[in-house]
Amino acid sequence: MLELKNISYTVQDENTGRRQDILKDLDLTFADKSINVITGPNGSGKSTLIKLIMGFEKPTAGKVLFNGEDVTMLGVTERARRGFTIAFQQPVRFKGITVKNLLELASGKRMDRDDMCDCLSAVGLCARNYIDRAVDGTLSGGELKRIELAMAVAKGGELFLLDEPEAGIDLWSFEDLVKIFDRLRDKTVIIVSHQQRILETADKIFLFDRDKVSAAERGEDMFALLTRRPALCRRNVKENCYG
Amino acid sequence: MDKTDSELLETIADLHGIPEGSFNIRKNGKLMARNSTADIEIVPKKDKDGIDIIVKPGVVNKSVHIPVLLTVGDFKETVYNDFFIGEGADVTIIAGCGIHNDACGDAEHDGVHTFHLAKNAKVRYIERHYAAGDGTGKKSFDPVTNIYCEENASFTMESTQLGGVTSTVRKTYALLGKKAQLLVKEKILTDNEESAVTDFKVELKGEHSRADIVSRSVAKGRSVQNFGSDLVGLSECFGHVECDGILLGGARIISTPKIDAVSPEASLVHEAAVGKIAGEQLLKLMSLGLTEQEAENAVIKGFLN
């Protein structure tokens, strides 16, 4: 179980010097064996929350507890070794490092073709065509995204953080993507997404707004939660257009 | 052959003892072993230090090893090796040099290699430079490689220097005839106070000739690398130079491109990128459970792979 207690994250504007709260006094709990989807407008702090959970950034206030242990001050490596696994929104490219290299680094062991085939076929890729390819600009955005997810599968873990896993993946492959979530149903999964098909897989949806987080569980009318707040869209437009 | 010799040979030429086929092994300025075959003849020069390697026309799928070992200090040599590759031949040439210098005097090997590729000939040239030893003496290589490709000939050069070399100045010149091709893959790692200078000059003389030079380098410590390339397009041709460098510590990499489209039909491209390892690369690997140091090593290993 992952618990976030009174989490705040504040940044300082480099130009104006003004302090801005990205997240403020956030209290959230993500249960074991649950798929949680975080959704909400741009700039509402969803990706920041993922970074705080993984340890890329430290909260300016509050605590992160994992299975009762305070991990707030632990670094990325320590969290990864405790079972935190992340798939980036924007996959990273590496000159010279192959898909096989990355899968082996992720799994922490040598992998044979069957092992790699298991991870890659889960994301709709054929191992034979990919294992020796470099994870660089020669791969398309969709291929990189799938390999990013395959790495998460290869690594395994207890807590999965998937930041917009559908980005760059064609609509025709959505069902394959949803199958990956099914494979992780015995873990704690936190997905940032805006896609209805992914929202439908959730046990719990968290709607991020700047001043509030609302949550709805399976069985409740999740979409009512979203449609109840049409002001979100209008406010976004207003802020972007008129500052 | 002692233990040091065996280790150097394995590092620079993947050899576990004396190879089969044609070879010439040189140690501390003297011949250690040589073998000519009917296909590839090795003839010592009479006027200066060095050998002629003559590959008969049509010889394919053969290789020749010409490693050089230096295991003493206070030693400097310049060796002239000329390669004559017959029409339609297709061979691999492995020409590594290893220095093990435990002395306080300097050890330096300068190989001047000149390749003459006849029509339709194909060469894969593997050159590995490596140095070790605890002495304060310098360990230096100043290789010169000249490549002359006739029509439709193809020369691939895989040049690797992965540590221990105090200083190196590497000069490569190529003249490409009609439809001739040059492919260079260079990998250099420097550390501490080491310096490496690489200088390529390629003249794309023949129509539809093609050159592709890819240099990947990692500079650590306070080492300095200086990469220079000069592509001259004299006809309808394609030339591409790519210099990628990773900087660590207080190291420095200087990349100087020059492309000269003498012919308006020439197409020449230069790309260069030098900088630290991207923070996101380290974070991604750390999120797989690697420490920062392990992540850095993995990025460098892949980059120089």
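Reply: Within chain B, the lowest mean is 81, in helix H1 (residues 3-13) of chain B, and the highest is 98, in strand E13 (residues 144-149) of chain B. Chain B averages a pLDDT of 93, with 100% of its residues scoring at least 70. For the complex, the predictor gives an ipTM of 0.91 and a pTM of 0.85.

A bit of bookkeeping: residues are numbered from 1 along each chain as its sequence is written, while chains are lettered from A and ligands numbered from 1 in the order in which they are written. In this predicted model, local features need pLDDT of at least 70 and side-chain atom pairs count only at pLDDT 80 or more, while totals for chains, interfaces and linings use all residues. The helices (H or I, at least four residues) and strands (E, at least two) are DSSP runs, numbered from the N terminus.

Now for the part to zoom in on: helix H2 (residues 279-286) of chain B. Its partner is helix H3 (residues 292-303) of chain B; the two pack at an angle of about 115°, with their axes 9 Å apart. Those axes are lines fitted to C-alpha atoms, for helices over the stretch in contact, and the angles run from 0 to 180 degrees between N-to-C directions. H2(B) passes H3(B) in a right-handed crossing; that's the name when the near helix is turned clockwise from the far one by less than a right angle, and anticlockwise makes it left-handed.

Which residues meet there? From H2(B) come B:Gln281, B:Leu282, B:Leu285 and B:Met286, and facing them in H3(B) are B:Glu292, B:Ala295, B:Glu296, B:Ala298 and B:Val299. Contact here means that two C-beta atoms, placed from the backbone, lie within 7 Å. By class, this contact has 6 nonpolar, 1 polar and 2 charged residues. (Ala, Val, Leu, Ile, Met, Phe, Trp, Tyr, Cys and Pro count as nonpolar, Asp, Glu, Lys and Arg as charged, and the others, Gly among them, as polar.)

H2(B) has several buried residues: B:Gln281, B:Leu282, B:Lys284, B:Leu285 and B:Met286. Buried means 20 or more other C-beta atoms within 10 Å of a residue's own, exposed means 12 or fewer, and partly exposed is in between, with C-beta atoms placed from the backbone. And what covers them? The cover includes helix H2 (76-81) and helix H3 (99-107) of chain A together with H3 of chain B.

That brings us to the place where the chains meet. The contact takes 18 residues from chain B and 18 residues from chain A. On the chain B side, H2 and H3 of chain B are the elements that give two or more residues, and the largest share, 6 residues, comes from H2(B). By class, that side has 9 nonpolar, 6 polar and 3 charged residues.

For another helix pair, hop over to chain A. Helix H4 (residues 113-122) of chain A and helix H6 (residues 141-155) of chain A pack at an angle of about 130°, with their axes 8 Å apart. That makes H4(A) oblique to H6(A), since angles under 35 degrees count as roughly parallel, over 145 as roughly antiparallel, 65 to 115 as roughly perpendicular and the rest as oblique. Their crossing is right-handed. A:Cys119, A:Leu120 and A:Ala122 of H4(A) make the contact with A:Ala150, A:Val153 and A:Ala154 of H6(A): 6 nonpolar residues, no polar and no charged.

Chain A also has a loop worth a look, between strand E7 (159-163) and helix H7 (174-183) of chain A, where you'll find A:Glu164. A:Glu164 has a positive phi of about 45° although it is not a glycine, and with 21 C-beta neighbours inside 10 Å it counts as buried. A:Ile169 has its place in the loop between E7 and H7 of chain A too. Leaving out residues up to four places away in sequence, A:Ile169 touches A:Gly142, A:Lys145, A:Arg146 and A:Leu177. The C-alpha atoms of A:Ile169 and A:Arg146 are separated by 7.8 Å, though the two sit 23 residues apart along the chain.

Note on methods
pLDDT = per-residue confidence, 0-100.
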